[in-house]
Amino acid sequence: MAIELSLPPEVHELTERTRDFIRERVLPLEDAHDGDIAAAGGDRFRVELQQAAREAGVFAPHAPVEYGGHGLGMSDRAPVFEEAGYSLFGPTALNIAAPDEGNVHMLAHIANPEQKQQYLAPLAHGDVRSAFAMTEPAPGAGSDPSALATRAVRADGGWRINGRKWFITGADGAGFFIIMARTSGEPGQRGGATMFLAPADTPGIRVGRHLDTLDRSMVGGHCEVFFEDLLVPDAAVLGEVDRGFEYAQVRLGPARMTHVMRWLGAARRGHDVAVAHVARREGFGSRLGDLGMVQKMIADNEIDIAATRALLTRACWELDRGEPAANATSIAKTFAAEAIFRIVDRSMQMCGGLGVSGDLPLARLSREVRPFRIYDGPSEVHRWAIAKRAVGAAKRALRDAE
Ligand SMILES: Cc1cc2nc3c(=O)[nH]c(=O)nc-3n(C[C@H](O)[C@H](O)[C@H](O)COP(=O)(O)OP(=O)(O)OC[C@H]3O[C@@H](n4cnc5c(N)ncnc54)[C@H](O)[C@@H]3O)c2cc1C
């Protein structure tokens, strides 16, 4: 099998342009606002950033070409998204922040032509934002999606939806919602979920409080959302009834990997800041960067960065071949979420007091990357899935040998 690691020239060029745009235009704004996008101006700021990205020719690398994007596949997205992630505001500038980027991907694969016109086109162009509403307070869906409790029942000409969601990223100010609701079966049963599309101003959708999570870089916060006798027509069904969990996988595999790409960029910034610091700072008769234990932290960061990239490359390769890549994305996501946190944590340590201060970006990077070990599947759930596959394969092999 040939292994090709060099980038096509147009991807290499876009990666370089993204790097320059992020460092010259976006990083100074992130630093000026301590990575807090609401403080920077929220949606108004997003619109300005995205206009600057359009002018720099780096906007929407992921979106299909017919919707104004660069149409990059997963492997080609990786270096571009990593450069965008070098700034916490970079993904928003390029319109590749969660959840919009994952929603573009899913709509491009599943929506019908009318839905693409109504929802995908304005989302890809950055005219609106979107939200993906799956998680519910206990005893509803969380790590275990089969606990889905939000219900959609047949109503005249469509569906009536009732339920409560939370941690819904971007809900405040979103133009539309993708809602996961149960159309058959009972909570605890696999299957029976359907995805619905609904404009945010549809009566029956109410955005509640923002949950005060650690992070500050995502526009629209992470909100509670209530669906109270929300009436949607049959045309609101995304794909087919009762296939929602299946479609969630179409979104989640790639979305996990694009999170890895973006957060890897953020971790690399942390590492670069720390290495520059220890190369300069003197102590105990040498530079800190010449001391063995500091060098160990630097080397471990380099190893974590390289290993994350390698696992990402493998998973993206499988996804680009049209494979589900369930195991490869679980492995890459779990390793990356933990490695990225370690990289940022070591980088803080190397910078001493400055590392946990507002003078360097490390403390803010740390608060942004920590939740990644929880969303898109907690590490424990991925480990459980990886182990189940391994044990399942071993049991099958034993049976075959009997
Ligand atoms: C910043 C942020 C943004 C988010 N954005 C969205 C969004 O836009 N849309 C959306 O729908 N949801 C979103 N979520 C929710 C996220 O998907 C859930 O938090 C996640 O699925 C975990 O569910 P839970 O919080 O209910 O935890 P629980 O399911 O209650 O799990 C709690 C913990 O139990 C452990 N655990 C669970 N299952 C197992 C197992 N099988 N084996 C071992 N241990 C286990 C894990 O350590 C886990 O962290 C977001 C969350 C955060 C923090």
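Visitor: Why is R364 called buried?

Guide: In this predicted model, R364 has a relative accessible area of 4%. The limit for buried is under 20%, so R364 falls in that class.

Visitor: What makes R364 and D34 a salt bridge?

Guide: The closest N and O atoms of R364 and D34 are 2.9 Å apart. The criterion asks for a side-chain nitrogen of Lys or Arg within 4 Å of a carboxyl oxygen of Asp or Glu, and the pair therefore qualifies.

Visitor: Why is D34 called partly exposed?

Guide: D34 has a relative accessible area of 33%. Buried requires under 20% and exposed over 50%; D34 is therefore placed in between.

Visitor: How do you know that D212 and R216 form a salt bridge, and what is the exposure of each residue?

Guide: Their closest N and O atoms are 3.5 Å apart, and the cut-off is within 4 Å, so the pair is counted. D212 has a relative accessible area of 67%, which makes it exposed, whereas R216, with 31%, is partly exposed.

Visitor: What makes E323 partly exposed and R321 exposed?

Guide: E323 has 29% relative accessibility and R321 has a relative accessible area of 52%. Exposed begins over 50%, so R321 passes that limit, and E323 belongs to the class in between. The side chains of these two residues meet in a salt bridge at 2.8 Å, N to O. Elsewhere, salt bridges that share partners join E16, R19, R23, E82, E83, R268 and R309 into one network.

Visitor: Why is E101 called buried?

Guide: E101, found in helix 6 (residues 100-110), has a relative accessible area of 2%, and the limit is under 20%; E101 is therefore buried. Among the residues that E101 touches are H62, R77 and R262.

Visitor: How do you know that the span of helix 13 agrees with expectation?

Guide: Helix 13 (residues 379-401) has 23 residues, which at 1.5 Å a residue should span 33 Å, and its end C-alpha atoms are 33 Å apart. Its buried residues are S379, H382, A385 and G392, and they pack against helix 8 (244-280) and helix 10 (326-350).

Visitor: What makes strand 3 and strand 7 a pair?

Guide: Pairing needs at least two bridges, and 9 bridges join strand 3 (residues 158-169) to strand 7 (residues 222-233), so the two strands pair. They run antiparallel, and I168 stands opposite C223 in strand 7.

Conventions. Residues numbered from 1 in each chain as written. Predicted model: local features only at pLDDT ≥ 70, side-chain atom pairs only at ≥ 80, totals over all residues. Heavy atoms only, no water. Helix = DSSP H or I, 4+ residues; strand = E, 2+ residues; numbered from the N terminus. Expected span 1.5 Å × (residues − 1). Buried < 20%, exposed > 50% of the residue type's maximum accessible area, 1.4 Å probe, protein only. Contact = heavy atoms within 4.5 Å. Lists of a residue's contacts leave out its neighbours within four places in sequence.
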